[in-house]
Amino acid sequence: MLQRIQQFSIGLLMAISTLGYAAEAEPQFHIKQVAQLDGVPWGMAQLNDNTLLATIQDGELLRVNTDTGMTQRITGLPEIARLGQGGLLDVALSPDFDTTSWVYFTYSHPTKEGATTALARAKLKDETLEDWQDLLISDASSSKGQHFGSRIAFDADGHVFFSVGDRGERANAQDLSNHAGSILRLNLDGSVPADNPYVRHGNIRPEIWSFGHRNPQGLFYDKETKLLWSNEHGPRGGDEINLIRAGANYGWPIVSYGKEYWAPIQVGEASSKEGIEDPKKVFIPSIAPSSLLIYRGELFQDWDGDFLSTALALRHLNNVRLKSGKVFETRFLEDLNERMRDVIEINDGSIMISTDSGKLLQVTPSR
């Protein structure tokens with residue numbers, strides 16, 4: 001369906017840093033609404049210069065023409081459990097997509113108990129998915145509707161990572177006999193890499209790369225630094241950006257900067273503890289981060305190496321810069337008043353943002 005293209009410019013409302021509030025000249029952005037979709041576009045992947053794939057959380061996959069706003073529905077999806085925060089979640093092209101046509105997905109897979117997060121792949125042929133393969137149906141099944149995760153990232157060595165939330169059961173994140181509250185690492189075909197940190201531990205799931213996560217909804221592998229990063233939701237404060245290391249414990253629910261929902265009482269034993277990885281950035285109050293990338297394009301010259309994340313609760317595009325041991329945070333696009341769901345960098349260096357109201361927004365500098 002042809003969608004009306006809207007264009008407008010918008011400025012930065014405020015600059016916020018962990019060192020305090022700073023008033024700066026307001027840089028301008030050019031915003032192009034490339035499509036209006038029916039549903040929540042949870043994940044995006046760029047097929048070519050004018051085409052995106054977008055997942056709709058209710059269980060649809062769309063091909064979107066970013067020049068015209070027209071969409072085409074892609075068939076071949078399996079049964080998807082639309083339970084609470086679950087549904088059709090992330091989408092990512094395989095590093096060898098040009099030769100194999102593999103597209104990777106995370107989604108909530110129906111189970112007897114309710115649903116669990118699964119990683120799958122299928123080959124994209126015209127408007128159909130073929131050869132659907134569930135690579136890992138995680139051991140994180142629950143009747144609860146929260147904390148499925150789940151983003152996908154690829155390294156440069158033939159591995160795929162995906163995140164699974166604690167599924168609303170806090171103890172899961174420290175129980176390595178299941179997959180909940182973990183970031184998992186597989187080979188591209190779904191097999192377990194021989195060098196995973198727990199591959200020889202009989203009582204630990206061999207797919208686990210890191211654990212102690214609450215609900216990681218951002219995951220990004222930076223090919224320049226060869227580092228894996230994640231961000232995750234904390235309870236009433238304590239959202240985090242974490243540098244992900246093999247075998248590391250990120251503390252949930254033993255340590256947290258967040259408070260209980262029912263009272264202003266700290267969750268866990270402390271905000272830091274020996275043997276547990278400290279976050280590189282904490283958000284208090286919560287912004288509800290829903291995706292993550294490290295910008296490496298050329299259009300936004302001042303952003304090279306910065307973290308960009310969409311925010312749901314505080315409704316903005318979040319920029320975090322780590323420099324000389326200090327953390328600087330800036331918030332953009334607050335006056336759109338949109339729950340921002342996903343952000344990706346596309347081929348020309350611009351960024352594409354999806355919103356829970358169904359908008360796909362392309363952001364470029366105005367000068």
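Visitor: What share of the 367 residues in the protein is buried?

Guide: Buried residues make up 57% of them, where buried means under 20% relative accessible area with a 1.4 Å probe, protein chains only. Keep in mind that this is a predicted model: local features need pLDDT of at least 70, side-chain atom pairs count only at pLDDT 80 or more, and totals for chains, interfaces and linings use all residues. Residues are numbered from 1 along each chain as its sequence is written, and side-chain values use heavy atoms, with hydrogens and water left out.

Visitor: Okay, how many helices and strands has it got?

Guide: There's one helix and 27 strands, counted as DSSP runs (H or I, at least four residues, for helices; E, at least two, for strands) and numbered from the N terminus.

Visitor: And which residues have the most contacts inside the largest nonpolar core?

Guide: Y104, L119, I152, F154, V160, F162 and I208, in a core of 21 residues. A nonpolar core here is a set of buried Ala, Val, Leu, Ile, Met, Phe, Trp, Tyr and Cys residues joined through side-chain atoms within 4.5 Å.

Visitor: Which strand gives the largest share of that core?

Guide: β14, with three residues. β14 covers 159-164, and among the other strands supplying at least two residues each are β10 (102-110) and β12 (128-137).

Visitor: What's in the second core?

Guide: That separate core has 18 residues, including A45, L53, V103 and F105.

Visitor: Switching topic: how far does the C-alpha trace span?

Guide: About 55 × 50 × 40 Å along the principal axes of the protein.

Definitions and conventions: Buried means under 20% relative accessible area, exposed over 50%, partly exposed in between (1.4 Å probe, protein chains only).
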